[in-house]
Amino acid sequence: MRKVKILGKSWRVVPLRDKSDKAIYYGRTNHLKGKIAINPTTTRQQRLDTMLHETIHVIDGELKIGLTERDVC
Ligand SMILES: [Zn+2]
């Protein structure tokens with residue numbers, strides 16, 4: 001498990017484990033648990049892209065910016 005700091009808060013970065021989630025998600029962010037799950041079955045480049053994507057979701061959630069999924073993408 002890794003940790004990253006985003007806007008001064010620690011977030012755990014873990015592999016996405018749920019089999020059905022791995023079939024459809026590159027990653028997921030759980031704001032309540034402060035956890036970012038990345039699908040380990042994707043390429044390294046995709047995992048890096050996903051980490052950036054989920055980081056933007058975290059910033060959006062923390063600052064209540066109100067970005068749409070399209071904005072984040
Ligand atoms: Zn997203």
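Student: What percentage of the 73 residues in the chain do buried residues make up?

Tutor: Start with the rule: a residue is buried if 20 or more other C-beta atoms lie within 10 Å of its own, exposed if 12 or fewer, and partly exposed in between, with C-beta atoms placed from the backbone. In this chain, buried residues make up 11% of the 73 residues. The model is predicted, so local features need pLDDT of at least 70 and side-chain atom pairs count only at pLDDT 80 or more, while totals for chains, interfaces and linings use all residues. Residues are numbered from 1 along each chain as its sequence is written.

Student: How many helices and strands does the chain have?

Tutor: Both are DSSP runs, numbered from the N terminus: helices are H or I with at least four residues, and strands are E with at least two. This chain has three helices and four strands. Along the sequence their pattern is β-β-α-β-β-α-α.

Student: What is the order of the strands in the sheet?

Tutor: Two strands pair if DSSP finds at least two bridges between them. Here the four strands form an open sheet in the order β1-β2-β4-β3, and the pairing is mixed. β1 (2-6) and β3 (27-30) are the edge strands, each pairing on one side only. On average, neighbouring strands of this sheet are turned by 25 degrees against each other, direction ignored.

Student: Which pairs are parallel or antiparallel, and over how many bridges?

Tutor: β1 and β2 (residues 9-15) pair in the antiparallel sense over five bridges. In that pair, Ile-6 has Lys-9 in β2 as its bridge partner. β2 and β4 run parallel and are joined by four bridges. There, Val-13 has Ile-36 in β4 as its bridge partner.

Student: What lies between β1 and β2 in their hairpin?

Tutor: Two residues lie between them, and Leu-7 in this turn has a positive phi of about 55 degrees. As background, most residues other than glycine have a negative phi. Leu-7 is exposed because it has 11 other C-beta atoms within 10 Å.

Student: Which residue follows α2 and has a positive phi?

Tutor: Lys-64 follows α2. The phi of Lys-64 is near 55 degrees, a positive value in a residue other than glycine. Lys-64 is found in the loop between α2 and α3 (69-72). With 7 C-beta neighbours inside 10 Å, Lys-64 counts as exposed.

Student: How far does α2 reach from its first C-alpha to its last?

Tutor: The expected span of a helix is 1.5 Å times one less than its number of residues. α2 (residues 44-63) has 20 residues and reaches 29 Å, close to the 28 Å expected.

Student: Which strands does α2 lie across?

Tutor: Angles run from 0 to 180 degrees between N-to-C directions, and axes are lines fitted to C-alpha atoms, for helices over the stretch in contact. Contact between two residues means that their C-beta atoms, placed from the backbone, lie within 7 Å. α2 lies across β1, β2, β3 and β4 (35-38), and runs at about 25 degrees to β3.

Student: Which residues does Tyr-26 touch?

Tutor: Leaving out residues up to four places away in sequence, Tyr-26 touches Asn-39, Thr-42, Gln-46 and Thr-50. Tyr-26 is found in the loop between α1 (19-24) and β3. Because 18 other C-beta atoms lie within 10 Å, Tyr-26 is partly exposed. From Tyr-26 to Lys-64 the separation is 38 residues in sequence and 23 Å in space, C-alpha to C-alpha.

Student: Where is Thr-41 found?

Tutor: Thr-41 is in the loop between β4 and α2. With 12 other C-beta atoms within 10 Å, Thr-41 is exposed. The C-alpha atoms of Thr-41 and Gly-66 are separated by 30 Å, with the two residues 25 apart along the chain.
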